Amino acid sequence: MATVIISAILVAYLGFVVYNRRNKKNCCGGGCDKCPKTHD
Amino acid sequence: MKTLKDIPCGQIVKVKNLSGEKALKRRIMDMGITKGTDLFVRKIAPLGDPIEINVRGYELTIRKEDANIIEVESAV
Amino acid sequence: MKIALAGNPNSGKTTLFNTLTGSNQHVGNWPGVTVEKKDGTLRRNMGETVIIQDLPGIYSLSPYTLEEIITRKYLISDRPDAIINIVDASNIERNLYLTTQILEVGIPVVIALNMIDIVQKKGDIIDIEKMSEKLGVPVLEMSALKVVGETEVVRAALLAAKSGKCPTPITFSPETENVLREISELIKDYVSPQTLRFCSIKLFEHDGKTRLELPDAVKLQIEDLVYKFEDKAGDDSDSVIINERYNYISRITEECVILPHKGELTVSDKIDKIVTSRVLALPIFAAVMFLVYYLSISTIGGLMTDWVNETLFGEIVPNGIGAFLERIGTAEWLNALILDGIVAGVGAVLGFIPQMLMLFLFLTLLEDCGYMSRIAFILDRIFKKFGLSGKSFIPILIGTGCGVPGILASRTIESESDRRMTIITTTFIPCSAKLPIIALIAGTFFPRSAFVAPSAYFIGMAAIIVSGVMLKKTKPFKGASAPFVMELPAYHPPKPSAVLRTTLNRGAEFVQRAGTIILLASVIIWFLSNHSFSFRVSDVADSMLAVIGGGLAPLFAPVGWGKWEAVVAALTGIIAKENIVGTMGVLYNKTGIETAFTPLAAYSFLLFNLLCAPCLAACGTVAQEMKSRKWTAFALGYQCGFAYIVAFIAYQLGRFFSGTGFGVGTVAALVLVWAMLMMLFRKGEKKWRQS
């Protein structure tokens, strides 16, 4: 039972990560001053 | 014909004339280097190039080969 | 209601724009060009929607650079309701030069005198009222950094816009005004009354980009007038105008600006005397960068990372999670996935946080205090030899944080070939994602050496310079060097709160990446390395990953790490460079990373991953900026090829010098070195100018 719950949490989290990568503009890590992209 | 390129560090000179290609000349003039302006050669970079000058109260960095189009005379 | 922001680069325009619009910004491109276009709505409610249009930083409205042309076109065609002209009070004469031109456009203007705090600190005094009187427009004090005066500026701008009162343009000398008057007479039927003055002046200056539909007869008459004038004046018409503008400005500043300390060396000057001196500049630069890397990675940061890696993620976390999982009774495979996959992978990366934070801190400090622009100045001579200008240094500097904005920063370089070259070489400098790799290799395989970590930075710089030299001599990159005219801003002591905030932000982003991309990748790697192709649990050596990696491994035998684990690790770097560390963490979880390589092979591995093509996001940016499949392919191919060759030479010659082998490899390496030297020192087909 615990296995299922933890697995479900993991899958949901990873799905969220993938979804975010595809949709949201990726922050490249240079700091927002240097980023010419939209401030979200 | 003395140009800015030949001026040693620490001297003040007056701009006599500007020659050279239109776009470069215009850019240099836009930065305030015009006929009759005083230029102070503040320093020459460690490897000899570029030159740092003080013009109209602020510091400007310019390459020797570009400085060559600025004809100058001593400002006394 | 549309208000435009215009001013010199570095005048504080962007800061003001950000303050006024907050997050209500929209960023795009000006049509047809790669110059960024920013507009937004005013954050504060003034009773109506106010759009703030940010314009590119320019020194003048001449028709020579893209930014100037865009700004002119916008002001003349789009007609904002008012212009806020931001003037850097500490550079007032040159800033007012643009002002005189903005006053001619026929739109209400308000001047925001920025950086007033710097002026006051120097002890200089500016008579604002007098200046306002002389220029004929409202002049307001502002200090964008200290958030003082913005509201007043906007209010004044709205007032000016509503009143519709256009400023009186400046008056030139009588002779010039005569000609201008005649030109105005000739064209008044073809232009609007508000833009009559501007167009007259531009036509007077032989400006080719006015886009006016004038009958040929009129054009000829104007030309004739101007040539007659130039004859009499003995100078070009635009030179005359520029001189008269500056004369006008001198008259104003003489009356309105008092400089009690003129001619004295400022503190910045005194510092620069040493920092950029002939003898000391390069050694100081080398020492500074060495210290930055040494302190962050080898000493202070290193100590903390050791604890984080070995204790925190080696014992505390795995034991804690392991105990928890046992208590709730999850299946064995899930435990393995979490402990040997996620914790091992993510932990490996997170373990470097102390060093990353230290490094971010130092680099931010250097940027903030102004030292970095000095470096561009110092390195310009070297850069010039390969047709790069100090301007190319800015993308590299940004690249030490992340390659993506670094590559995007190449947009400021006007020459196409220089820009391409900068895009290709920017990612040679280690970005923050590559830092864990450096820390890992330096810490695991060379624990007693202080030079390995800084060497990564210096080799990155060398790669940029060497590539620049070699490429510049080839046909596609030949061309005149761009004129290098740059200003050095004054040093200022870094603001602790700003530095801390930036450092922590970068740290937070690092952690975020670890918790997302790396976590995902670690799970995948764990799965692929613990199951065979029939999806059954297997030994690592028989796993899917081993087979895939094993296929490519022989390719890398010549560089010293022909094992599938290393190859796979390098491959995962495509998604994010930190993954290399994460993957190694997963694959060597049980045996320990020290067993992966000999020190020499480790260094070769480091070099390869430092120099080869960057992560997917950066590659995408390269493609976006190159706008050509051919060039993108060349860029990425060059980077990988260069990385392989450098790693090869390092490994083979390393083996030779350590006495462990002399063979075909050594000979091949020597041949490559010779070839590179040849490409470096052969005569390029440069135009030799007369000295």
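## Basis and confidence

In this predicted model, local features need pLDDT of at least 70 and side-chain atom pairs count only at pLDDT 80 or more, while totals for chains, interfaces and linings use all residues. Residues are numbered from 1 along each chain as its sequence is written, and chains are lettered from A and ligands numbered from 1 in the order in which they are written.

The complex has an ipTM of 0.84 and a pTM of 0.64 from the predictor. Over residues 685-691 of chain C, pLDDT stays under 50. Where pLDDT is low, the predicted coordinates should not be read in detail.

## Helix 3 of chain C

Helices are DSSP runs of H or I with at least four residues, strands are E runs of at least two, and both are numbered from the N terminus. Ten of the eleven residues of helix 3 (residues 92-102) of chain C are buried, so this helix is largely enclosed by the rest of the structure. Buried means that 20 or more other C-beta atoms, placed from the backbone, lie within 10 Å of the residue's own. Among the buried residues are Arg94(C), Asn95(C) and Tyr97(C).

The partners of these buried residues include strand 4 (58-62) of chain B and helix 10 (237-256) of chain C; contact requires C-beta atoms, placed from the backbone, within 7 Å.

## Helices 12 and 15 of chain C

The axes (lines fitted to C-alpha atoms over the stretch in contact, with angles from 0 to 180 degrees between N-to-C directions) of helix 12 (residues 281-298) and helix 15 (residues 353-369) of chain C come within 8 Å and cross at roughly 155°. That makes the two helices of chain C roughly antiparallel, a term for angles over 145 degrees. Val292(C) and Leu295(C) of helix 12 are among the contact residues, as are Met358(C) and Phe362(C) of helix 15.

Key
Parallel < 35°, antiparallel > 145°, perpendicular 65-115°, else oblique. Contact = placed C-beta atoms within 7 Å. pLDDT = per-residue confidence, 0-100. Buried ≥ 20, exposed ≤ 12 C-beta atoms within 10 Å, placed from the backbone.
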